[in-house]
Amino acid sequence: MTIEIAALRQPNPAEDRAYDAAARKAMRVLVPMIILIYLFSFLDRSNVALAKPAFQHELGIGPAAYGLGSGLFFLVYAFLEVPSNLIAYRIGPRRWISRIAVTWGAVSAAMIFVRGDYSFYALRLLLGAAEAGLFPALLYLITCWFAYRERAIVVSWLYLGPPIALIFGNPLGGALMTLDGTGGLRGWQWMFLIEGLPTILIGVFLWFKLPDRPRAAAWLTADEAGLLERRAIATVEQHAAIEAKGWARALASPTTLLIGLIYFLNQVGWLGLVFFTPSAIHQMNVTSPLLVGVLSSSIGIGALIGVLVVPRVHRRVSSDSLFLAAVTIGFLLCGLGFSTTTDHVLKLLLIICGSAFGVGVLPVYWAIAMRQLNGVQAAAGLAAINTMGLTGGFVGPYLFGIAESWSGHSSSGFVVIAICSAVALVPIFLLSRIRRDPEAAPPAGVTQAALE
């Protein structure tokens with residue numbers, strides 16, 4: 001991933017107004033499409049959480065095996081992310097995003113063929129391989145269309161996809177689970193089939209309707225397309241090839257390592273929460289699959305609140321480290337509270353609060369990283385941080401599964417959130433001790449709000 005900043009130029013109010021109008025027009029068309037595809041990606045990777053009780057009772061897939069299979073998605077996803085994005089750069093984001101959608105939709109639908117541990121592992125690995133590179137490909141698409149300031153806005157819209165997927169996807173999945181026995185298929189098979197097939201259609205739709213660049217959009221005038229491309233290209237160009245020693249410096253940077261570790265620990269807790277909340281709700285004596293799905297949507301409600309509120313509060317706080325510590329402690333208390341209380345209403349409230357802390361802080365991590373890293377270190381360091389976070393997606397569900405295997409209760413896995421949050425306070429403290437490089441300050445013309 002690269003950071004591009006608006007090049008210095010002479011003010012031109014008329015051109016600025018024309019650009020703003022063209023950018024708004026482009027956002028109205030592109031933003032719904034990228035939110036839709038990212039929404040379905042999160043839906044198809046996380047709907048397995050609703051199938052967990054059925055997997056255990058019907059197929060003998062225990063909590064530890066389920067946690068391992070859920071996490072394997074992120075392991076192969078992280079491994080293939082960079083090669084996948086290089087292909088997107090080579091053949092164009094439209095073709096590659098469409099290919100990703102069609103193949104992951106097919107693999108998601110093929111989850112109906114799970115018969116035990118090993119078939120579950122294999123299909124989760126294939127799903128991660130099929131979906132690898134989607135997020136960076138979407139980011140690359142955004143850089144082809146918009147200048148620096150608008151990119152921050154579009155990425156913030158993109159982050160709405162996962163919460164919306166959880167809010168509407170979990171009740172939908174629960175409803176599909178009630179089709180158990182219809183047409184000779186189990187309820188979980190109907191869920192995977194019906195939620196996977198639309199993704200294939202979306203991929204075909206994007207092939208015809210998602211333009212790679214402004215000049216390929218029939219709904220833009222030639223002047224609008226030219227202006228959008230000039231502003232998108234008129235940025236500080238990064239070197240096409242990054243020297244090995246540049247990568248080494250970035251990976252050895254204390255800032256990269258500390259932020260990556262904080263992000264990793266966050267993802268261990270957050271993705272464990274995503275994949276084990278439905279089973280925890282099921283163990284609250286909730287037997288209806290539909291009701292489990294509806295109550296599980298509380299994860300998405302909390303995540304949506306977090307994305308909308310936490311970054312805005314961060315902009316009003318002068319100390320990044322104190323803010324990160326406060327949000328992390330909040331996440332810690334939610335995990336600890338859920339694992340110790342027996343009050344079901346309080347547990348649902350803690351799921352909402354935990355999701356708000358766990359997801360709302362993600363844009364803040366990137367804002368802090370972009371302020372601390374610049375040049376070659378930004379290009380390499382941000383990619384390394386993202387990879388470390390994806391690795392947390394493998395570890396989190398696996399640890400939750402082991403915790404449940406030991407205790408027999410899904411709620412015990414929430415202790416993992418408390419432990420990881422407590423450990424994260426150490427790198428947060430160490431990060432506060434690193435003096436910011438004055439050369440990493442935002443360049444002229446780029447506001448602090450744009451970075452955050």
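**Entry 1: The largest cavity**

I began with the lining of the largest cavity, and I noted that helix 1 (13-46), helix 3 (63-91), helix 12 (254-282), helix 17 (362-372) and helix 18 (375-407) each give at least two residues to this lining. I kept in mind that the model is predicted. Helix 12 supplies the largest share of the lining, 4 residues. I looked up the volume of the largest cavity, which is about 320 Å³, and found that its lining is made of 19 residues, with Tyr 38, Arg 45, Tyr 159, Tyr 263 and Gln 267 lying nearest the centre. Sorted by class, the lining of the largest cavity has 14 nonpolar, 3 polar and 2 charged residues.

**Entry 2: The second largest cavity**

I then turned to the second largest cavity, which has a volume of about 100 Å³ and is lined by 14 residues, among them Asn 266, Thr 328 and Phe 331. Helix 12, helix 15 (320-340), helix 16 (344-360) and helix 19 (415-432) each give two or more residues to this lining, and the largest share, 4 residues, comes from helix 19. How many residues of this lining are charged? I found no charged residues there, but 10 nonpolar and 4 polar ones.

**Entry 3: Salt bridges**

I counted 8 salt bridges in the structure. Glu 131 lies in helix 5 (residues 117-131) and Arg 45 in helix 1, so that the pair links parts of the chain that are 86 residues apart. Is Glu 131 buried or exposed? I noted Glu 131 as buried because its relative accessible area is 0%, and Arg 45 also counts as buried, at 7%.

I next looked at Asp 16 and Arg 231, whose side chains meet in a salt bridge at 2.6 Å, N to O. Asp 16 is in helix 1 and Arg 231 in helix 10 (residues 222-233), 215 residues apart. Asp 16 counts as partly exposed because its relative accessibility is 24%, whereas Arg 231, at 11%, counts as buried. I also noted that Glu 58, Asp 180 and Arg 186 are linked in a network of salt bridges.

**Entry 4: A surface patch**

Last, I looked up a nonpolar surface patch of about 370 Å², made by Ile 301, Ile 305, Leu 308, Val 309 and Val 313. Ile 301 belongs to helix 14 (residues 298-314) and is partly exposed, with a relative accessible area of 37%.

Note on methods
Residues numbered from 1 in each chain as written. Predicted model: local features only at pLDDT ≥ 70, side-chain atom pairs only at ≥ 80, totals over all residues. Heavy atoms only, no water. 1 Å grid on protein atoms, 1.4 Å probe; cavity = no way out; pocket = protein on both sides within 12 Å on 5 of 7 lines; lining within 4 Å. Points joined across faces, edges and corners; volume = space filled by probe spheres on them. Nonpolar A, V, L, I, M, F, W, Y, C, P; charged D, E, K, R; others polar. Patch = residues over 30% accessible without salt bridge, like charges linked within 9 Å, V, L, I, M, F, W, Y side chains within 5 Å. Areas by Shrake-Rupley, 256 points an atom, 1.4 Å probe, with all protein chains shown as cover. Salt bridge = Lys/Arg side-chain N within 4 Å of Asp/Glu carboxyl O. Buried < 20%, exposed > 50% of the residue type's maximum accessible area, 1.4 Å probe, protein only.
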